[in-house]
Amino acid sequence: DHIPLNRQARRMKREGFEVGTNTLSGWTCGGAKVLEIVADAVRLELLAGDYLQGDDTGLPVQDGSDGMLRKGRLWAFTDQQQVFYAFTDTKEGEHPAHLLEGFAGELLLVDGGSEFNQVVREQELLRAGCWSHLRSYFFDARHHHPVEAALALGTIRDLFMIERRLHGQKPEKILEERRLFAKPLVDGFFQWVRAESTVTRPRSELGKALTYARNQEQTLRLHLDHGELPMHNNLSELLLRQAVVGRKNWLFARSEGGAQAAATIYTLVGSCILQGIDPHEYLVDVLGRLLDHPVNRVGELTPRVWREKQGHTK
């Protein structure tokens, strides 16, 4: 629930269980250290899939030498069944390239950020774009260019309505319906983008939206050829937004180790939520098994496999 440890300590004291923040911190980091092997098993499961979607956000860390904050980065990658979080010092492209090394699929759904260029290039991935991200550009332009922005936002809304109707269908059915109903809208949209770009100042809000659309046209069209691929990256952003809510409470990590511990716990709790199982029930069971569980069978303890073995219904 992203509650800072000092608040948890005060709550426990009110309930008659007095424990220091440093003790809670030690328990948290110690538990996360034990669970790292399971979090990595989640990552390996994700890498074995056909496609991934991902995003990143800032996670400030307090430098132990002088107490100053330095920038860090929290990454999230998901296949809509589980999620893997990772912390890195910087936003450099080498980090997602390392985290996704060995990815068996060919589809990566991300925004237009340059931090994903390296992994796309080195692993020869097909990069898919996010229509929600594009929509935000036209949404920002609506005050100064209401007519043009309304045309773009209306088309994007129609595309999302098609996706809503197709939710839960098999990829083959989704692909068929997209080509029949969504593709004409997408074709018309980009024809309009190219025409409007010739009469719009590039530095205006509308100009920025049109430029982004032109630059991302290939990535934004990719979902029309892959029925398993969402047309937006909303889930990745939602999974990171939960951590951002926490960041507003605890402000920063007190150490790099604390940030890495948070990423490990986020991985397992977030995957439990996606699997529809109680994180507390899962963690109590897994922590009780880990010390004598065979290392070569740690994959049995990921939230997805654990749910199947426990007979839970999603």
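**Pockets and helices**

Mentor: Let us begin with α6 (146–166), which gives the most to the lining of the second largest pocket, with 4 residues. This is a predicted model, in which local features need pLDDT of at least 70 and side-chain atom pairs count only at pLDDT 80 or more, while totals for chains, interfaces and linings use all residues. Residues are numbered from 1 along each chain, and side-chain values use heavy atoms, without hydrogens and water.

Trainee: What makes a residue part of the lining of a pocket?

Mentor: It has an atom within 4 Å of a point of the pocket, which is an open set on a 1 Å grid over the protein atoms alone, where a 1.4 Å probe fits and protein lies on both sides within 12 Å along at least five of seven lines. In the second largest pocket, 23 residues make up the lining, and Gln-80, His-167, Gly-168, Glu-228 and Pro-230 lie nearest its centre. The volume, the space filled by probe spheres set on the points, is about 680 Å³.

Trainee: Which residues lie nearest the centre of the largest pocket?

Mentor: They are Ile-3, Leu-5, Gln-8, Thr-28 and Ile-265, out of 46 lining residues. The elements giving two or more residues to that lining include α2 (21–47) and α11 (256–275), and α2 gives the most, with 10 residues. The volume of the largest pocket is about 1800 Å³, and its lining has 28 nonpolar, 14 polar and 4 charged residues.

Trainee: Why are α5 and α8 called roughly antiparallel?

Mentor: The axes of α5 (residues 131–140) and α8 (residues 205–215) cross at roughly 160° and come within 8 Å. Angles over 145 degrees count as roughly antiparallel, and α5 and α8 are therefore roughly antiparallel to each other.

Trainee: What makes α11 oblique to α13?

Mentor: α11 and α13 (residues 303–310) pack at an angle of about 45°, with their axes 9 Å apart. Oblique is the rest, once under 35 degrees is roughly parallel and 65 to 115 roughly perpendicular, so α11 is oblique to α13.

Trainee: How do you know that the span of α11 is close to the expected one?

Mentor: The expected span is 1.5 Å times one less than the number of residues. α11 has 20 residues and reaches 29 Å from its first C-alpha to its last, close to the 28 Å expected. After α11 comes Gly-276, whose phi is positive, near 75°.

Note on methods. Ala, Val, Leu, Ile, Met, Phe, Trp, Tyr, Cys and Pro count as nonpolar, Asp, Glu, Lys and Arg as charged, and the others, Gly among them, as polar. Axes are lines fitted to C-alpha atoms, for helices over the stretch in contact, and angles run from 0 to 180 degrees between N-to-C directions.
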